[in-house]
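Colleague: I would like to go through the labels on this model and hear what each one rests on.
Modeller: Go ahead, and I will set each value against its cut-off.

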Amino acid sequence: MLFLAAACGRGAAEWMQKTYGIGFSDLLYTLAAPLKGTGHDVAERCIRSCLPLVGRWSLWYFGIFGAVVLLRHFVRLALCTGERSWEPLGLTELVMLGVSLWALAATYQYADSLLDISGYLEAWRNASTIYEEEYVDPLDVAITPPAEKRNLICIYLESMETSYASAAEGGLQEVNLIPNLTALAAENVSFSETEGLGGFHSALRTTWTMAALLGTSAGIPFSFPVNGNSMDERESFAAGLTALGDILAGQGYHNEFLCGSDSEFAGRKDYFLQHGNYEIFDLFTAREKGYIDPDYYVWWGFEDKYLYEIAKDELTRLAAAEEPFHLTMLTVDTHFQDGYLCHDCQAEYDSVAANVVSCADRQAAAFIDWCKEQPFYENTTIVIMGDHPRMDKSLVGETAVEERRVYNCFLNAVGAEAARQTLRKFTSLDLFPTTLAAMGFTIEGDRLGLGVNLFSQLPTLAERMGYEALDGELLKNSNYYVSHFA
């Protein structure tokens with residue numbers, strides 16, 4: 001059993017090193033997530049890719065195990081005297097146990113070198129006071145809407161990095177895979193760490209979808225206890241938290257969350273229902289309303305080409321009502337590994353991932369073009385952002401996640417002329433107050449959660465502390481976080 005555990009651990013660690021670029025914290029929360037709602041193809045691909053490596057290391061470790069068993073047999077034969085055989089009491093058993101423990105220790109050392117498990121454990125033993133010192137509760141400051149309330153559309157593009165752009169534009173590719181999104185960023189407001197196309201650093205524990213949604217709309221990372229990723233199994237989702245949806249609902253907005261998968265996955269449905277009373281439109285809603293067949297299921301549910309068509313219908317309906325609206329939508333085709341190539345995608349490149357990203361770029365641009373033709377557009381702020389960095393190594397190779405940035409773009413943003421867009425260090429947490437400011441809201445102190453309004457001149461936590469120090473604090477345990485949110 002010890003040999004088998006060592007083989008499985010070593011094979012899984014090697015597969016992760018070759019396939020993904022995430023840390024131990026992200027891995028832990030991902031493994032703790034329930035499988036309900038997970039894309040069928042994703043789970044199957046992971047298993048198919050991982051099994052050969054586990055099998056190879058199983059053969060290697062059990063080869064050692066077999067050698068020890070043979071050695072034991074030869075020792076017994078050599079020490080036979082007449083009809084009586086003898087061997088040192090428990091010697092071979094001790095040797096086998098020692099080799100098994102060595103295999104486990106070697107596996108841990110290998111995994112630790114990749115994921116920094118020891119660093120995670122050390123940080124978790126220490127407590128951070130960052131929330132006591134820096135967290136701004138939205139209930140404690142004045143948040144004033146503009147005289148004419150603006151609508152809001154938030155488009156989360158799955159795993160959309162600026163590294164998909166060409167090297168000349170600030171990305172990693174020979175050819176720009178996202179020319180339309182690049183143009184939108186240049187023509188509107190897009191915050192960057194450089195003079196060119198850039199984006200935000202995904203703060204620690206905002207690097208998977210539910211955590212990214214939380215970080216960008218509430219200004220805190222996903223630091224619930226390890227089993228906290230099963231938020232759909234809890235009665236409440238961060239009851240002490242005030243998020244974007246809560247603020248807008250209090251101002252009379254109709255909130256809606258639209259996705260092409262099971263909204264209950266990782267607690268997304270509970271989060272949006274409990275923090276803004278969002279109307280939920282997901283895979284099952286699309287089936288009920290006849291957009292897809294009752295048994296339709298591809299990838300994580302239905303592909304983005306349907307999502308955008310549904311979004312058009314929903315926006316038309318929302319705009320016809322008297323109350324201001326807020327639609328948050330989440331795409332999925334670019335999810336790891338490699339993404340889903342729908343029938344509308346073109347085979348321009350040898351890489352499936354490149355074709356999927358290129359297709360996502362065209363779809364997003366076409367949707368924005370449609371929005372611009374609608375009567376509601378002039379009074380609507382649109383925020384386009386990636387949710388988190390890519391989690392596999394397709395298109396990004398060995399470039400560390402810390403060196404890559406996530407796409408952001410604000411259309412029809414209030415105060416765009418005065419915004420300092422370049423040479424800014426900022427994280428996903430800063431998107432919370434920045435989104436409200438882009439809608440024309442005035443925020444007392446220009447800070448909410450752990451985020452800073454990027455339209456202001458106030459330095460962000462990343463600019464004051466640096467990314468490494470900030471992430472180090474977010475990795476630590478926090479009594480404030482547990483008592484207020486968990």
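**Salt bridges, burial and a cavity**

Modeller: To begin, this is a predicted model. In it, the side chains of Glu463 and Arg424 meet in a salt bridge, at 2.8 Å from N to O. The pair joins distant parts of the chain, with Glu463 in helix 15 (residues 461-465) and Arg424 in the loop between strand 7 and helix 14, 39 residues apart.

Colleague: Why is the pair of Glu463 and Arg424 called a salt bridge?

Modeller: The term asks for a side-chain nitrogen of Lys or Arg within 4 Å of a carboxyl oxygen of Asp or Glu. Glu463 and Arg424 have N and O at 2.8 Å, so the pair qualifies.

Colleague: Is Glu463 buried, exposed or partly exposed?

Modeller: Glu463 has 27% relative accessibility and therefore counts as partly exposed, since buried means under 20% and exposed over 50%.

Colleague: What else does Arg404 meet, and how far apart are the atoms?

Modeller: Arg404 forms a salt bridge with Glu161, and their closest N and O atoms are 2.8 Å apart. This pair also links distant parts of the chain: Arg404 is in the loop between strand 6 (380-386) and strand 7 (408-411), Glu161 in the loop between strand 2 and helix 7 (179-187), 243 residues apart.

Colleague: What makes Arg404 and Glu161 buried?

Modeller: The limit is under 20%. Arg404 has 5% relative accessibility, so the label buried applies. Glu161 has a relative accessible area of 0%, so the label buried applies there too.

Colleague: How many salt bridges does the structure hold?

Modeller: The structure holds 14. One of them joins Glu473 and Lys476, with closest N and O atoms 3.0 Å apart. Lys476, at 24% relative accessibility, is partly exposed. Salt bridges with shared partners also join Glu256, Glu279, Glu314 and Arg317 into one network.

Colleague: Why is Thr242 called buried?

Modeller: Thr242 has a relative accessible area of 11%, so Thr242 is buried, the cut-off being under 20%. Thr242 lies in the loop between helix 8 and helix 9 (244-250). Beyond its neighbours within four places in sequence, its contacts are Asp137, Pro138, Leu139, Ile247 and Phe432.

Colleague: What lines the largest cavity?

Modeller: The largest cavity holds about 70 Å³ of space. It is lined by 13 residues, and those closest to its centre are Cys154, Tyr156, Ser217, Leu244 and Thr328. Helix 8 gives the largest share of the lining, 3 residues. The lining divides into 8 nonpolar, 5 polar and no charged residues.

How values were computed:
Residues numbered from 1 in each chain as written. Predicted model: local features only at pLDDT ≥ 70, side-chain atom pairs only at ≥ 80, totals over all residues. Heavy atoms only, no water. 1 Å grid on protein atoms, 1.4 Å probe; cavity = no way out; pocket = protein on both sides within 12 Å on 5 of 7 lines; lining within 4 Å. Points joined across faces, edges and corners; volume = space filled by probe spheres on them. Helix = DSSP H or I, 4+ residues; strand = E, 2+ residues; numbered from the N terminus. Nonpolar A, V, L, I, M, F, W, Y, C, P; charged D, E, K, R; others polar. Buried < 20%, exposed > 50% of the residue type's maximum accessible area, 1.4 Å probe, protein only. Contact = heavy atoms within 4.5 Å.
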